[in-house]
Amino acid sequence: MNDNKNKQKQYFIDTIAKFCDKCGSAYSIGDLEIIQENPISSIIHFSCSNCKASHIATFLKPMGMSSRVPVNTDLQIQEIKKFAKMDETSTDEILELYLYLKANNKVKV
């Protein structure tokens, strides 16, 4: 199974990004982490071993298309995986949190 994952990661390097956008260093299999995968798409985290720049790419399997965005975060890859699997936050939950923070003088209006 590990060999299959490595082949899949190499495919993503060949298809999505061979080099870091920031410093131009070549990506290796160890620079990729597959965050989430289903039959339609994959979400891949690229991290440059040279300059530490990070990108997250979405690969749409049926179309063979991808999009990639830079990531500026202090989250670890395990935390990104955890949050990627969570349900979306509703507007009611956001309002509830805002009202709580406002009531406890944690936010100024």
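**Notebook: salt bridges, lysines and overall form**

I began with the charged side chains and found Lys5, Glu37 and Lys61 linked in a network of salt bridges, where a salt bridge is a side-chain nitrogen of Lys or Arg within 4 Å of a carboxyl oxygen of Asp or Glu. I note that this is a predicted model, in which local features need pLDDT of at least 70 and side-chain atom pairs count only at pLDDT 80 or more, while totals for chains, interfaces and linings use all residues. Residues are numbered from 1 along each chain as its sequence is written, and side-chain values use heavy atoms, with hydrogens and water left out.

**Entry 1: the network**

I looked up the pair of glutamate 37 and lysine 5, whose side chains meet in a salt bridge at 3.6 Å, N to O. Glutamate 37 lies in strand β1 (residues 32-37) and lysine 5 in helix α1, so this pair ties together parts that are 32 residues apart in sequence; helices (H or I, at least four residues) and strands (E, at least two) are DSSP runs, numbered from the N terminus.

I then took the pair of glutamate 37 and lysine 61, which form a salt bridge at 3.3 Å, N to O. Lysine 61 sits in the loop between β3 and β4 (65-71) while glutamate 37 is in strand β1, so the pair ties together parts that are 24 residues apart in sequence.

For exposure I used relative accessible area, with buried meaning under 20%, exposed over 50% and partly exposed in between (1.4 Å probe, protein chains only). Glutamate 37 is partly exposed at 31%, lysine 61 is partly exposed at 31%, and lysine 5 is partly exposed at 29%.

How many salt bridges does the structure hold? I find 5 salt bridges in the structure, one of which joins the side chains of aspartate 3 and lysine 7 at 3.8 Å, N to O. Both aspartate 3 and lysine 7 lie in helix α1 (residues 2-15), 4 residues apart, which is about one turn of the helix, and both aspartate 3 and lysine 7 are exposed.

**Entry 2: three further lysines**

I placed lysine 81 in helix α2 (residues 77-84), where lysine 81 is partly exposed with a relative accessible area of 24%. Leaving aside neighbours within four places in sequence, lysine 81 is in contact (heavy atoms within 4.5 Å) with Glu33, Ile34 and Ile35. The C-alpha atoms of lysine 81 and isoleucine 35 are separated by 5.3 Å, although these residues are 46 residues apart along the chain.

I placed lysine 18 in the loop between α1 and β1, and at 45% relative accessibility lysine 18 counts as partly exposed. With neighbours within four places in sequence left aside, the contacts of lysine 18 are Ile13, Ser25, Ala26 and Tyr27. I also looked up serine 28, which is 10 residues from lysine 18 along the chain, and their C-alpha atoms are separated by 8.3 Å.

Lysine 52 is found in the loop between β2 (41-47) and β3 (54-60), and at 57% relative accessibility lysine 52 counts as exposed. Phi of lysine 52 is near 70°, which I noted as a positive value in a residue other than glycine.

**Entry 3: the whole chain**

I read the secondary structure of the protein chain as 3 helices and 4 strands, which follow the pattern α-β-β-β-β-α-α along the sequence. The radius of gyration is 18 Å, well over the 13 Å that the globule rule gives for 109 residues, so the chain is more spread out than a compact globule; the radius is taken over C-alpha atoms, and the rule is 2.2 Å times the number of residues to the power 0.38. The C-alpha trace spans about 50 × 30 × 25 Å along its principal axes.

Buried residues make up 24% of the 109 residues. Among contacts between residues at least 6 apart in sequence, 34% join residues at least 24 apart.
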